[in-house]
Amino acid sequence: MRLALTLAVCLLPLAVFAQPGNLITNGDFANGTAGWSIPSGGRGSARLVDCDLPGLPKAIQVVAKPEPGDSPWAVTLHTPLQAFLDEGQPLTIKLWARSPERAPTAVFLEQAGEPYAKSVYGKMELTPDWRE
């Protein structure tokens with residue numbers, strides 16, 4: 001049985017902060033989904049929607065339809081960072097998210113190629129209310 005989980009993400013704008021500043025391009029979705037890889041196909045979909053948080057006019061609504069045995073990253077919304085990071089460099093990831101179904105989710109920063117090492121990884125327990 002497949003269960004559809006809905007996750008809406010208002011990115012603050014989605015931000016990964018390091019010196020000197022925000023490393024995410026189009027984190028506020030002012031240019032739609034430009035620069036973002038969004039889920040499509042059988043395991044998920046995403047669309048740009050209005051956001052009801054003050055100062056954050058747009059969000060991405062992700063509908064995930066995982067299969068039994070899927071990895072946690074079977075459905076992802078992602079964008080490349082436009083910077084190189086030094087080992088040990090402090091980072092802060094900020095976003096707003098909610099899920100009417102209380103869908104579990106994770107946020108991570110991952111190397112773009114083999115071995116796909118995750119330098120930052122955190123789980124989020126979502127609720128129907130927006131959480132930062």
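This is a predicted model: local features need pLDDT of at least 70, side-chain atom pairs count only at pLDDT 80 or more; totals for chains, interfaces and linings use all residues.

Visitor: How many helices and strands does the protein have?

Guide: There are zero helices and seven strands; both are DSSP runs numbered from the N terminus, helices being H or I of at least four residues and strands E of at least two. Along the sequence the pattern reads β-β-β-β-β-β-β.

Visitor: What share of the residues is buried?

Guide: Of the 132 residues, 31% are buried. Buried means under 20% relative accessible area, exposed over 50%, and partly exposed in between, with a 1.4 Å probe and protein chains only.

Visitor: What about contacts with a separation of 6 or more?

Guide: Among those contacts, 61% join residues 24 or more positions apart, a contact being heavy atoms within 4.5 Å.

Visitor: Let us move to charges. How many salt bridges does a search of the whole structure find?

Guide: The search finds three. A salt bridge is a side-chain nitrogen of Lys or Arg within 4 Å of a carboxyl oxygen of Asp or Glu.

Visitor: Which residue does D70 pair with?

Guide: D70 pairs with R43, with their closest N and O atoms 2.8 Å apart. This pair links distant parts of the chain, 27 residues apart: D70 is in the loop between β4 (56-64) and β5 (92-98), and R43 is in the loop between β2 (21-22) and β3 (44-53). D70 counts as partly exposed because its relative accessibility is 25%, and R43, at 35%, also counts as partly exposed.

Visitor: And D50?

Guide: D50 forms a salt bridge with K58, and the closest N and O atoms are 2.6 Å apart. D50 is exposed, with a relative accessible area of 62%, whereas K58 is partly exposed at 29%.

Visitor: How far apart are the closest N and O atoms of R98 and D52?

Guide: They are 3.9 Å apart in this salt bridge. R98 lies in strand β5 and D52 in strand β3, so the pair ties together parts 46 residues apart in sequence. R98 is partly exposed at 25% relative accessibility, while D52 is exposed at 55%.

Visitor: Switching to rings, how many aromatic pairs are there?

Guide: A search of the whole structure finds two. Rings of Phe, Tyr and Trp (its six-membered ring) pair if their centres lie within 6.5 Å; planes under 30 degrees apart count as stacked, over 60 as edge-to-face and the rest as tilted. The rings of F29 and W36 have centres 5.3 Å apart and planes at 50°, so this pair is tilted.

Visitor: Are F29 and W36 buried or exposed?

Guide: Both F29 and W36 are buried.

Visitor: Why is the pair of F108 and Y121 called stacked?

Guide: The pair is stacked because the ring planes of F108 and Y121 are at 20°, with the centres 6.3 Å apart. F108 is in strand β6 (residues 104-110) and Y121 in strand β7 (residues 118-125), 13 residues apart. F108 is partly exposed at 29% relative accessibility, and Y121 is partly exposed at 43%.

Definitions and conventions. Residues are numbered from 1 along each chain as its sequence is written. Side-chain values use heavy atoms; hydrogens and water are left out.
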